[in-house]
Amino acid sequence: MEAKTDTGIVLMNLGSPDSTAVPDVQRYLNEFLMDKRVIDYPYLLRWLLVTRIIVPRRAPNSAAAYRSIWWEEGSPLMVLTQQLQKAVQHDLQLPVEIAMRYGNPSPAVAYDKLLQQNPQLKEVILLPLYPHYAMSSYETAVEYAKELHKKKRYPFKLTIIPPYYNEPDYINAVAESMRPYLQQDYDHVLFSYHGVPVRHIRKGDITGGHCLQVEDCCHVPSKAHGFCYRHQVYNTSELVAARLGLPAEKWSVSFQSRLGREEWLQPYTAERLEQLPKEGKKKLLVVCPAFVSDCLETLEEIAVEGKHSFISNGGDSFTMIPCLNVHPLWVQAVVKWCEQSVTTS
Ligand SMILES: C=CC1=C(C)c2cc3[nH]c(cc4nc(cc5[nH]c(cc1n2)c(C)c5CCC(=O)O)C(CCC(=O)O)=C4C)c(C)c3C=C
Ligand SMILES: [Fe+2]
Ligand SMILES: [Fe+2]
């Protein structure tokens, strides 16, 4: 496509292994888990833990999990991000590329492609495909994209879209994507978010004394909330529930995908899925608003493993609500934010 203006867009997601072969999964996990913002231990300890313990043990199981959800065209996360790219490019009439924090394509590849299409490129708008701020997701993606931009002295300005966990267009898109599923008979809606270690929440507290220290911290106004994943996911859930008119007893929040022995944000999704049927909540809807594209963590951990656990603990029906993927309201929101972010001077 011939560029019409001097602006380009990069949609940045987490990334997947290149294939489901164990060496590819190993390479991907090594890169991911050696990220100092994901496993934030001193380098030597991290290296020993990741390359000697976690990856050798985890890679074969992760590869099998990826094989169970892999599509003919590739990893669902990658394919769905490409579909979003096409939809946004179609509506925005600007060149749009995708980049991944781990694996391929890197932000440098995306920048190079945009420059090839338009050597006069003046600005790149980067949209991290993470609604919430976490050191291990939004922050690492943005810092990596900035680092490559600086290191390779790209001649354009890099403009980054902030977390959008409470933006009305995102909330509306999540709520409307859920609405058709609420027509069916259900007892409870579980908002399941990717977890993070509790220590990361404390570490990210810019006030040094708010997060998990003040009672009901996530509901007490604070500057910390700009960087608090816990606050942001509760806020998303409350805004979506309000928009859908869900009464408080009909929904709750939990955290999935824990790794390691440290304490992560609670309640854990895996435990809630065992408990809910025992509380009489036997018809369940699950939504995962921290992921904008379906991926291993939604398609395997929730839709397969989670469903199995819920049903074998006495649940009657389990419905996984798809991520936003290429929902028209989501595409519209992305297009609108990109347009609004273009520097006008
Ligand atoms: C919501 C965004 C995410 C946060 C925050 C996050 C934190 C985080 N993740 C791990 C470890 C793993 N995550 C894995 C997969 C995975 N994680 C996210 C998003 C967030 N992670 C996505 C979208 C995916 C799916 C990728 C895909 O290809 O579909 C994996 C790999 C799979 C596996 O082996 O389970 C690991 C490992 C940590 C340790 C962490 C915070 C500290
Ligand atoms: Fe993760
Ligand atoms: Fe908080």
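**Ligand site and domain arrangement**

Ligand 1 lies between domain 1 (7–163 + 328–341) and domain 2 (168–320), because both domains give residues to the shell around it. The structure described here is a predicted model. The ligand is surrounded by 23 residues, of which Ser16, Ser62, Ser136, Cys295 and Leu296 are the closest. Two or more residues of this shell come from each of helix H1 (22–33), helix H2 (43–69), helix H5 (135–151) and helix H10 (296–312). By class, the shell around ligand 1 comprises 14 nonpolar, seven polar and two charged residues.

The two domains of the chain assignment have C-alpha centres 23 Å apart. Their contact involves 22 residues from domain 1 and 24 residues from domain 2. On the side of domain 1 that touches domain 2, at least two residues each are supplied by H2, helix H3 (76–92), H5 and helix H11 (328–341). H3 provides the largest share of this side, with five residues. The side of domain 1 that touches domain 2 has 16 nonpolar, five polar and one charged residues.

Helix H5 also packs against helix H4 (residues 107–117): the axes of H4 and H5 come within 9 Å and cross at roughly 55 degrees. The two helices are therefore oblique to each other, and their crossing is right-handed. H4 contributes Pro107, Ala108 and Tyr111 to the contact, while H5 contributes Tyr144, Ala145, Leu148 and His149. Six of the residues in the contact of H4 with H5 are nonpolar and one is polar, with no charged residues.

Definitions and conventions
Residues are numbered from 1 along each chain as its sequence is written. Chains are lettered from A and ligands numbered from 1 in the order in which they are written. This is a predicted model: local features need pLDDT of at least 70, side-chain atom pairs count only at pLDDT 80 or more; totals for chains, interfaces and linings use all residues. A residue is near a molecule or strand if its C-beta atom, placed from the backbone, lies within 6 Å of it. Helices (H or I, at least four residues) and strands (E, at least two) are DSSP runs, numbered from the N terminus. Ala, Val, Leu, Ile, Met, Phe, Trp, Tyr, Cys and Pro count as nonpolar, Asp, Glu, Lys and Arg as charged, and the others, Gly among them, as polar. Domain bounds come from an automatic or database domain assignment. Axes are lines fitted to C-alpha atoms, for helices over the stretch in contact, and angles run from 0 to 180 degrees between N-to-C directions. Angles under 35 degrees count as roughly parallel, over 145 as roughly antiparallel, 65 to 115 as roughly perpendicular and the rest as oblique. A crossing is left-handed if the near helix is turned anticlockwise from the far one by less than a right angle, and right-handed if clockwise. Two residues are in contact if their C-beta atoms, placed from the backbone, lie within 7 Å.
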